[in-house]
Amino acid sequence: MEQTTSVGAGRGTRQRPGLELALAATSVGVFELRPESGRMRWTKEFASLHGLDADLLGGTIDVLEARVHPDDRVRLRAALEDSPHGIHVQYRLDGSEQCWLELRAQPISENDSGALVAGTCIDVTSSARRYADEHRSRLEAEEALRRMQGLQTFTAALGEAARTADVVDVVVREVLVALGAEAAAVYRLSDDGATFDLLGSVGYPDELHGEWSSFPADTPAPASAAVAANALVVVESPEELVRRWPNLADARQVAGDAASVCAPLEIEGRVDGALYVAFRSPRRFDEDDLATVTTIAEECSHALERARLYEAQRDARADALRLARRLRALQSVIDATLESQSLDELLRELLGRLREALGTDTASFFVFDEERNDLVARAAAGLEVEVTEGVRVPVGQGFAGRIAAQREPWVVEDVSTIEIYSPFLRQHGLGSLAGVPLIAGERLVGVLDVGTFERRDFSEDDLLLLRLVASRAALAVEQAVLHERHRTVAETLQRSLLPERLPEPPEYALGARYVPGSAGLEVGGDWYDAIAFGDGRLGIVVGDVVGRGIVAAAAMGQLRNALRAYAFEGLGPAAILGRLNQLALEIGAQDLFATAALMVLDPRRNELRMSSAGHPPPLLVLPNAPASYLEGGRSLPLGASRAASYEEAVARFPPGALLLAFTDGLVERRDMSIEQGLERLQKAVSGAPHDLEGLLDHLLAEFAAGEHGDDVAIVAVSSLERPVEPIRLRHAALPSSLAQVRGALREWLKRAHARDDEIYEIAVACNEACTNAIEHPLRPPDSAFFEVEGTCAGGVVTLVIRDFGRWREPRDDGDRGRGLKFIHALMDSVDVTATEEGTEIRMRRTLGGPA
Amino acid sequence: VSDLARVEIARVSGVPVATVRGEIDLSNAGDVLQTGLEGAITEGARALVLDLTDVSYIDSAGIRALFELGERLAALGKRLLAVVPEQAPISRVLELADAPAAISLSPDVQAALGRLDSD
């Protein structure tokens, strides 16, 4: 090849045949350029070559550029502006794809006007075509190499793509690079073969994705054709596409596909997808192109299959993990039912765990009310207001109601499409709901549902878990409902057997407390009672039937009623317990065993008689004395032995005294012995408030607050101060007055609850003092009277007898002295004060002393 | 005799038995234990049985009168046999006055009569 001739030649170009060179030489245009200003001057030939006005032999780069093919303008301008290093550029003229000009130039000199570049321009159309051919073959060779290398990288990249999405991503990118394509997509046939589902694509506008993300497999299209024939489907122009698939005319407009190759994706003889490669301009595909597409499609098939297996494995592992998590959740739900709780606590716990396990926003439980044929919101997690407002849903209506009616699970993905009964459900705008009926045996127990604010597609798994939880929960709930009913019956029975109101005798104040045990669901058999006898006596009972539940409560009721009956027969405490023991043995076919203490308080005698059947001793606090336990009168528990004999003990119980009877629940605790408990109680009572209610509250707070296993019953009785109106008598100083004084005094002492013997003795003492007042004084005639004043406070009777004459020492014959002797013997204290005005005998006697 | 007490006199085996019912105090002691018994203290009788079983009250004046009655009968060579059951309300007062040392006390009329026979 020869060196091409050219003006200012320096750089070699491709060799040309002589004739061509000669022809070309005939139209050599010459130009000069001042790069700084962009100004140019050119010859007529130059103007002619460029189709410029031949009269204007000069212009600017802009003028020249305006004549050049738009695609080549940038290249030309870059070459001209880089002129200080010489110019060699080929370009086409505007409107001509085929005609090529070549421009060469060299910097010539620098003068005052700046740099100057000069060069030539020739038409190189014919040589350019050859050049282009050669260039293309070189590019093709390079392309072939690149494809090969590319395919290797592609295969490596595919090997690393584990997931379907990764595989598709690698494939479509590779297609663009390997084939110079502008768009690509991978479709997979759905499992049932009904649709092509888009796995991934590149180069298409978003609006196309919606329509073509999935389309029926029988839609006439290159993909369906490729799959049907299990062969490449090649389309080289838009016209061909529309001719073969008229239905795709519109889609083509949007997609802009002008040519395409579609390859089936085949694995193990099964065709289950297609690789679609598209170009924006018409194109003829050669063997290499098609071979490349086929290779990529094959690699793609294998990679997709691998990814499918990988994903199946991963899904299986995820399923296993999820299942394990759910099993744990389920276990926790079942565990929750094992704990001894109230039904409400149980349900709250259950719903909380269910909500967590399913990841829902709400979980609600409705109990079926058989009588009203509706559902009552009983417990909720997330929609507690339904419970607090006591929402009721008729069976057959709304969400839960329909589940109850049909006894079938129901999933509603879009709640707005169904009728909702609960106003709160509507108000809270739940998106999706899933619910199941709770059925124990054949019986509908209730409905369990879960809900989410965001719409959610509850899976078969979710529903399975919900059903599983519901069936387990149904049994637990059924059991709890029965248990609760059982407990309510027992509690009602027990409450009904405890006195509704305590008697209010004038001599005593009474208070009582009953606190059910906090542990366990069953009630105990503790009881207390207070019985007002007709004669003013008061019976106090505390008892404890061993065992719990309805049986214990019923036994307690029998004992209580029997005790009342025996008490009204007028029997004493020991005799009553003896009879109760016999009764307990008779009805005790179920091993009835009970402890009881019976105290009969006698206000007239200011004493109490007590008998105990193995019961903790009551605590007695006498006025101004420390608390002490009444240990006497104890015998065997009721029902223990036919041979048991019951003892009686007597204790003073004067006004101001306090009696505290209780069951062992008060003093028996896990963390201390009953002895320690009794000691603590003794101390606590000594420092407790004096009013009964305050005392009882204080004791409960100290002994029965918080966790206490057993029931607690306490009865407290205080013997009231018996304020009696003072008595004032004024009588003539005559012997006949004595009988009147005695009569009035006896009545008054009776009101002060003095015993008969006390009344007699005090009357004698008063009478003797009055006799003195009548017989002894030396008095003026107008003061022939005497006064008797009696007061009773704190169980002490004080009598003051006054006369109004001078005291005369009693004669010492013994008669008169005998009166004073009586007084001293019968009263606790006697003071005689004699003045000029008269004599005053003041004497005291404390009631309730030994008879 | 006042409203406070009544006296009935009878004879049992020839012995006069005076039964007093009610209360005896300063106001009626003389009436009951002196005047009221006049008819019972007869020549032939060696003793007077005084049944105080139904006396619900007696004071120091009554006891004084009782002692005086005993002294008067003794002066006549007669005995006073008082009947007071142990559980009687007045026994406490009689004890305080050392009555058992001064007069013969029997729990019932038969015992009092028996005491007369045994002597």
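**Where the two chains meet**

Tutor: Let's start at the interface of chain B and chain A, where the rule finds five salt bridges. Keep in mind that this is a predicted model: local features need pLDDT of at least 70, side-chain atom pairs count only at pLDDT 80 or more, and totals for chains, interfaces and linings use all residues. Residues are numbered from 1 along each chain as its sequence is written, chains are lettered from A and ligands numbered from 1 in the order written, and side-chain values use heavy atoms, leaving out hydrogens and water.

Student: What makes the pair Glu761(A) and Arg92(B) a salt bridge?

Tutor: The label needs a side-chain nitrogen of Lys or Arg within 4 Å of a carboxyl oxygen of Asp or Glu. In this pair, the closest N and O atoms are 2.6 Å apart, so Glu761(A) and Arg92(B) meet the rule. In general, side chains of opposite charge can pair when their charged atoms come close.

Student: Which elements give two or more residues to the side of chain B that touches chain A?

Tutor: Those are β3 (47–58), α2 (60–75) and α3 (91–96) of chain B. Helices (H or I, at least four residues) and strands (E, at least two) are DSSP runs, numbered from the N terminus. The largest share, five residues, comes from α2(B). By kind, that side of chain B divides into 11 nonpolar, three polar and seven charged residues. Here Ala, Val, Leu, Ile, Met, Phe, Trp, Tyr, Cys and Pro count as nonpolar, Asp, Glu, Lys and Arg as charged, and the others, Gly among them, as polar.

Student: How many residues of chain B are in contact with chain A?

Tutor: 21 residues of chain B are in contact with 23 of chain A, where contact means heavy atoms within 4.5 Å. About 1800 Å² is buried between the chains, 56% of it from carbon and sulfur atoms. That figure is the accessible area (1.4 Å probe) that two parts lose on being put together, summed over both. On the chain B side, Leu26(B), Tyr57(B) and Leu96(B) lose the most area to chain A, together 34% of what that side buries.

**Buried or exposed?**

Student: Why does Ser106(B) count as buried?

Tutor: Buried means under 20% relative accessible area, exposed over 50%, and partly exposed in between (1.4 Å probe, protein chains only). Ser106(B) has 2%, so the label is buried. The residue lies in strand β5 (residues 104–106) of chain B. Leaving aside neighbours within four places in sequence, the contacts of Ser106(B) include Val83(B), Pro85(B) and Arg115(B).

Student: How do you know that Asp289(A) is buried, and what polar contact does its side chain make?

Tutor: Asp289(A) sits in helix α11 (residues 287–338) of chain A. The side chain of Asp289(A) makes a polar contact with that of Arg283(A), at 3.5 Å. A polar contact is a pair of N or O atoms within 3.5 Å; within protein, one must be able to donate a hydrogen and the other to accept it, and residues adjacent in sequence count only if both atoms are side-chain atoms.

**Pairs within chain A**

Student: What makes Asp62(A) and Arg77(A) a salt bridge?

Tutor: The N to O distance is 2.5 Å, so the pair is within the 4 Å limit. Asp62(A) lies in helix α3 (residues 61–66) and Arg77(A) in helix α4 (residues 70–81), so the pair ties together parts 15 residues apart in sequence. Asp62(A), at 49%, is partly exposed, and Arg77(A), at 25%, is partly exposed too.

Student: And Asp72(A) with Arg92(A): how far apart are they, N to O?

Tutor: Their side chains meet in a salt bridge at 2.9 Å. Asp72(A) is in helix α4 and Arg92(A) in strand β4 (residues 87–92), 20 residues apart. Asp72(A) has a relative accessible area of 2% and is buried; Arg92(A), at 10%, is buried as well.
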